[in-house]
Amino acid sequence: MSTTLVIGATGHVGRPLVAELSSRQVAVRALVRRPDAAGLPAGVELVAGDLADLASVSAAAAGVDRVFLVWPFTTSEGFGAVLDALGSDVRRLVYLSSAGSVPFHDEVEALIAQSGLSWTFLRPSGFAVNTLGWAAGIQAGEVRLPYGAAARPLIDERDTAAVGVRALLEPGHAGKVHELSGPVALTQVEQVSTIASVLGREVRFVELTPEEGRAMFRAAWGDSPYVDGAIAGLAQWVHTPERTTTTVADILGRPAIPFRAWVEANAPRFGAQEA
Ligand SMILES: NC(=O)c1ccc[n+]([C@@H]2O[C@H](COP(=O)([O-])OP(=O)(O)OC[C@H]3O[C@@H](n4cnc5c(N)ncnc54)[C@H](OP(=O)(O)O)[C@@H]3O)[C@@H](O)[C@H]2O)c1
């Protein structure tokens with residue numbers, strides 16, 4: 001039986017992807033940095049490794065014909081060597097990219113496209129799970145953010161994973177770029193009010209100035225290239241919401257999961273038990 005290697009198996013998308021592959025009786029191997037802490041379904045073959053250790057990547061890819069890959073870095077440095085390390089058994093590569101214009105994703109995609117592999121790129125919009133970053137504010141009854149009117153169709157990570165499973169297992173996805181999103185764009189004010197409504201809490205939205213927002217992101221992320229990108233993206237989505245696509249529904253044959261349903265499924269992670 002052919003084996004699927006998942007790199008990033010313990011992440012937001014990798015975890016539901018592995019669960020779905022396992023439930024379909026697909027043989028799954030996961031390259032993980034800490035096998036003891038992986039917490040993946042029984043039957044998943046755990047291979048200890050690290051993307052920085054090329055020998056471990058080669059060992060994990062031996063005898064594997066399909067790979068789902070998360071590149072968990074913010075530059076493409078070292079990616080070409082990892083691609084080489086995957087070796088000649090691998091035929092299909094599904095890469096978790098991004099809908100946003102992110103230089104390292106563009107560079108990684110270009111290297112994969114030149115590799116001769118049969119590839120599929122998933123380009124999701126903002127992840128619904130990002131809103132867990134507001135959990136402390138939600139608990140305190142006040143979320144402070146810049147650009148409350150910025151609208152994004154946040155995607156449930158289970159939908160990205162489900163499309164990934166189709167791209168790995170089914171024909172018709174080779175050479176395709178799947179632009180993925182949730183079903184509808186919600187402003188940040190609407191996202192916060194949805195969370196408050198599901199949790200049964202009063203939560204005030206406090207609009208920060210762009211400069212206050214930049215300082216807040218810097219404090220959280222350090223001197224990251226994401227700070228300027230995040231501020232610019234939010235400013236843009238006030239006037240032009242991040243694009244909503246029908247790709248999830250087209251591929252899965254059911255609607256994309258609404259943000260409210262994501263919140264309902266994840267309510268305890270906001271500290272809902274205290275509501
Ligand atoms: N958040 C968003 O809104 C958004 C939107 C579009 C695209 N994306 C893209 O999605 C990707 C992240 O996906 P995600 O959120 O599912 O991942 P994630 O939750 O951030 O998890 C990262 C995964 O990579 C693994 N990992 C980290 N460093 C590693 C290393 N050196 N060697 C091997 N494995 C390593 C982690 O394993 P451990 O258990 O060992 O830590 C974990 O499984 C990024 O490329 C991001 O740009 C994100």
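How many Å apart do the C-alpha centres of domain 1 and domain 2 lie? I looked it up: they lie 28 Å apart.

**Ground rules.** I am working with a predicted model, where local features need pLDDT of at least 70, side-chain atom pairs count only at pLDDT 80 or more, and totals for chains, interfaces and linings use all residues. Residues are numbered from 1 along each chain as its sequence is written, and side-chain values use heavy atoms, with hydrogens and water left out.

**Domains.** I noted domain 1 at 3–124 and domain 2 at 128–155 + 182–243 + 255–275. These bounds come from an automatic or database domain assignment. In the contact (heavy atoms within 4.5 Å), I found 5 residues from domain 1 and 4 residues from domain 2.

**Interface.** I then checked the buried area, meaning the accessible area (1.4 Å probe) that two parts lose on being put together, summed over both. It is about 370 Å² between domain 1 and domain 2, and carbon and sulfur atoms give 74% of it. On the domain 1 side, H12, T74 and P124 supply 72% of the area buried against domain 2, more than any other three residues.

**V70.** Where is V70 found? I traced V70 to the loop between strand 4 (64–69) and helix 3 (79–86). Here helices (H or I, at least four residues) and strands (E, at least two) are DSSP runs, numbered from the N terminus. Leaving out residues up to four places away in sequence, V70 touches I7, G8, L51 and L96. I also compared V70 with V238: they are 168 residues apart in sequence and 29 Å apart in space, C-alpha to C-alpha.
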